[in-house]
Amino acid sequence: MARKFFVGGNWKCNGTAEEVKKIVTVLNEAEVPSEDVVGKFFLKGGAFTGEISAEMLLNVGIPWVILGHSERRSLLNESNEFVGEKVGYALSLGLKVIACIGETLQQRESGSTMAVVAAQTKAIAAKVSYWDNVVLAYEPVWAIGTGKVATPVQAQEVHLELRKWLHDNVGAEVAATTRIIYGGSVTGANCKELAGQPDVDGFLVGGASLKPEFIDIIKSAT
Ligand code: PEP
């Protein structure tokens with residue numbers, strides 16, 4: 001079964017009403033496949049000032065959530081296990097999950113990229129029983145918001161290894177059908193070449209998702 005190209009926009013904590021209005025108008029005017037909305041949450045609701053619960057996302061009709069983003073892992077100390085817990089909880093409520101993994105520059109330079117992403121994926125996989133609602137986002141930390149994009153060869157190398165990991169640890173069917181998307185300084189200028197890699201099934205886009213070039217990224221596989 002072919003994997004349907006998947007592109008997510010991560011606006012993070014950005015966007016004035018004016019900016020959002022502009023980009024939504026651009027998206028609405030472009031001929032792109034229908035959009036889903038993505039949110040972020042903490043865990044089950046409760047006394048967590050400033051957080052959003054999974055139940056709240058569902059309540060306002062948001063079907064997708066980004067979990068395990070490196071900014072949460074580093075700024076809020078979210079561990080592999082905690083990310084796994086959140087993934088399991090989101091899925092149990094019927095949310096669909098973009099689960100992020102990725103190595104730091106230091107980890108890449110010390111040759112531990114695959115060990116790091118495998119450990120992150122293992123903690124997520126431990127909580128997933130139904131993979132249809134999961135997209136795995138490989139986001140090297142050194143490429144997020146830095147303008148330093150992974151080369152197509154670097155991205156393909158890790159995506160292929162991740163697919164092998166899924167094959168060996170989860171199953172052949174899940175490995176063949178799960179979307180593994182790339183995130184890290186994707187732009188309208190570099191998306192085509194990345195999208196041409198056999199194991200790159202889409203993108204998670206930060207900065208460029210607030211700009212009109214997001215349309216080119218959405219259409220990069222066509
Ligand atoms: C992200 O934050 O998920 C991301 C990939 O950001 P950027 O595209 O700006 O590097």
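Guide: A cavity is a set of grid points where a 1.4 Å probe fits but cannot get out. The model here is a predicted one.

Visitor: OK. How many cavities of 30 Å³ or more does the structure hold?

Guide: There are two cavities of 30 Å³ or more.

Visitor: How much space lies in the second largest cavity?

Guide: About 30 Å³ lies in the second largest cavity.

Visitor: And which residues line the second largest cavity?

Guide: Its lining is made up of G68, H69, S70, R73, C100, I101, G102, E139 and V141. Two elements, α3 (70-75) and β4 (96-101), each give two or more residues to that lining.

Visitor: How does that lining split by class?

Guide: Three of the residues lining the second largest cavity are nonpolar, four are polar and two are charged.

Visitor: What volume does the second largest pocket have?

Guide: The volume of the second largest pocket is about 220 Å³. There are 19 residues lining this pocket, and G145, S185, V186, G206 and G207 are the closest to its centre.

Visitor: What classes are in that pocket lining?

Guide: The lining of the second largest pocket has five nonpolar residues, 11 polar ones and three charged ones.

Visitor: Which residues come nearest to the ligand itself?

Guide: There are 14 residues around the ligand, and K12, E139, G145, S185 and G206 come nearest.

Visitor: How do the residues of the shell around the ligand divide?

Guide: The shell around the ligand has four nonpolar residues, eight polar and two charged.

Visitor: Let's get to atoms. How far is the polar side-chain atom of K12 from an oxygen atom of the ligand?

Guide: That K12 atom lies 2.6 Å from a ligand oxygen atom.

Visitor: What about H69?

Guide: An N or O atom in the H69 side chain is 2.8 Å from an oxygen atom of the ligand.

Visitor: How much of the ligand's accessible area does the protein cover?

Guide: On its own the ligand has 300 Å² of accessible area, and the protein covers 95% of that.

Technical notes: Residues are numbered from 1 along each chain as its sequence is written. This is a predicted model: local features need pLDDT of at least 70, side-chain atom pairs count only at pLDDT 80 or more; totals for chains, interfaces and linings use all residues. Side-chain values use heavy atoms; hydrogens and water are left out. A residue is near a molecule or strand if one of its heavy atoms lies within 4 Å of it. A polar contact is a pair of N or O atoms within 3.5 Å; within protein, one must be able to donate a hydrogen and the other to accept it, and residues adjacent in sequence count only if both atoms are side-chain atoms. Accessible areas come from the Shrake-Rupley method with a 1.4 Å probe; for residues, only the protein chains shown count as cover. Ala, Val, Leu, Ile, Met, Phe, Trp, Tyr, Cys and Pro count as nonpolar, Asp, Glu, Lys and Arg as charged, and the others, Gly among them, as polar. On a 1 Å grid over the protein atoms alone, a cavity is a set of points where a 1.4 Å probe fits but cannot get out, and a pocket is an open set with protein on both sides within 12 Å along at least five of seven lines; lining residues have an atom within 4 Å of a point. Grid points are joined across faces, edges and corners, and a volume is the space filled by probe spheres set on the points. Helices (H or I, at least four residues) and strands (E, at least two) are DSSP runs, numbered from the N terminus.
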